[in-house]
Amino acid sequence: MKTVEYVITDPVGLHARPAGLFVKKASAYQSNITVKNTENDKTADAKRIMAVMSLGVKQGNKIILSIEGEDENTAQAELEAFLKESL
Amino acid sequence: MGFLDGVFKKKDLEIGSPCSGKCVSIKEVSDPTFSEEILGKGIAVKPEDGKFYAPVNGTINTLFPTKHAIGITSADGVEILIHVGLDTVNLKGEHFTAHTEAGATVSKGDLLLEADLDAIAAAGYDTITPVLICNSGNYTDVVPGVEGKVSQGDCILRIKI
């Protein structure tokens, strides 16, 4: 299993558009991917938009992705790059 | 055509309009996040007043702190996002009043949110309101229920199981 830790810098947090783009990206991998908001300890399936939005991720919150599956290495690298660029 | 047709044929799930106004294709929304259905299949309503109601019986999943969008899971498991206006996240809650909270159980027709549409338009934002099915992939299809003028509660989307 691979993990990615990231602190959200986007001033409005993980709202609809970035959540949609993130889920679309995460859905492209075979691996099981979960995202946890360390602020409230809620965890969601990274491939489900409503679940990701209901984590209530705000600016300054740290999220942890847990990635498990055949393409976990690619997913780890690409999702980390996506978070840094977009959120 | 016997009465058993109704028993064996799975019935479409109906999603009501969250507001009164004019219903248009999601393709007419100028923001690709919605028109390209990144958040799910759906439809859009140009609201005529600022009152937004529960489109189904269900539970409030998400109420953004900025109050411009609400996520609801229906009693049947349909995940619906109502996004009032485009880029309205930038208003940071201004011109919006919430009448519900995350975790609340709601009945179709309950008032969820009020928005000052004139003030939002004056601030330079389009008030068109996409209504999206976030778990569209779980269903055979999501099709528009109607186009044109709608009242709050009228069926605007049919979910084919």
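This is a predicted model: local features need pLDDT of at least 70, side-chain atom pairs count only at pLDDT 80 or more; totals for chains, interfaces and linings use all residues.
1. Overall size of chain B. For 161 residues, a compact globule would have a radius of gyration near 15 Å, and chain B agrees because its own value is 15 Å. Along the principal axes, its C-alpha atoms fill a box of roughly 55 × 30 × 25 Å.

2. Burial and contacts in chain B. Buried residues make up 44% of the 161 in chain B. Taking the contacts of chain B between residues at least 6 apart in sequence, 68% link residues at least 24 apart.

3. Secondary structure. Chain B has 14 strands and three helices. Eight strands form an open sheet with antiparallel pairing, in the order β9-β5-β6-β7-β11-β3-β2-β13 of chain B. At its edges are β9 (105-106) and β13 (148-150) of chain B, each of which pairs on one side only.

4. One strand pair in detail. In chain B, β2 (residues 21-25) pairs with β13(B) in the antiparallel sense, over three bridges. Opposite B:Cys23 stands B:Gly148, a residue of β13(B).

5. The contact between the chains. On the chain A side, twelve residues are in contact with 17 residues of chain B. Two helices of chain A, α1 (16-27) and α2 (49-53), each supply at least two residues of the side that touches chain B. The most comes from α1(A), which gives five residues to that side. By class, the side of chain A that touches chain B holds six nonpolar residues, three polar and three charged.

Conventions:
Residues are numbered from 1 along each chain as its sequence is written. Chains are lettered from A and ligands numbered from 1 in the order in which they are written. Two residues are in contact if their C-beta atoms, placed from the backbone, lie within 7 Å. Helices (H or I, at least four residues) and strands (E, at least two) are DSSP runs, numbered from the N terminus. Ala, Val, Leu, Ile, Met, Phe, Trp, Tyr, Cys and Pro count as nonpolar, Asp, Glu, Lys and Arg as charged, and the others, Gly among them, as polar. The radius of gyration is taken over C-alpha atoms; the globule rule is 2.2 Å times the number of residues to the power 0.38. A residue is buried if 20 or more other C-beta atoms lie within 10 Å of its own, exposed if 12 or fewer, and partly exposed in between; C-beta atoms are placed from the backbone. Two strands pair if DSSP finds at least two bridges between them.
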